[in-house]
Amino acid sequence: MFDQDAPTGSGFWHWLSWDLPATATALGDALPPGAVSGTEDAGLPGYLGPCLLVGDRPHRYRITVYELDTASLALSTATPSAVAAFTLGGHVLAYGQTTGVAAR
């Protein structure tokens, strides 16, 4: 989940994960075995929800799911979000994307 409107100059990754099995059709409280929960841009592994400042303009949150040509990216949880995104970019077969908007 990427916030392209975060006031950082380069957006903000709130959540990213990889190596989800192709058989996964939904995510619950925990990722399936073998899946990796990446480090979001605040430096913590896992999901960090939106935290908009009062009066800030609306933010667009882009959620993308990729189909890759490999079962594993062989990256650790500590891999920076930009490196993970760059690495998966060379393996994309297809993707689906949706964008939600939030304001406070």
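How many salt bridges does a search of the whole structure find?

Author: The model is predicted, so local features need pLDDT of at least 70 and side-chain atom pairs count only at pLDDT 80 or more, while totals for chains, interfaces and linings use all residues. Residues are numbered from 1 along each chain as its sequence is written, and side-chain values use heavy atoms, with hydrogens and water left out.

The search of the whole structure finds 2 salt bridges, a salt bridge being a side-chain nitrogen of Lys or Arg within 4 Å of a carboxyl oxygen of Asp or Glu. In general, side chains of opposite charge can pair when their charged atoms come close.

Strands here are DSSP runs (E, at least two residues), numbered from the N terminus. D5 is buried, with a relative accessible area of 4%; buried means under 20% relative accessible area, exposed over 50% and partly exposed in between, for a 1.4 Å probe and protein chains only.

R60 also forms a salt bridge with D5, and the closest N and O atoms are 2.7 Å apart. Here too the pair links distant parts of the chain, with R60 in strand 5 and D5 in the loop between strand 1 and strand 2, 55 residues apart. R60 counts as partly exposed, at 38% relative accessibility. Through shared partners, the salt bridges join D5, R57 and R60 into one network.

Note on methods:
Helix = DSSP H or I, 4+ residues; strand = E, 2+ residues; numbered from the N terminus.
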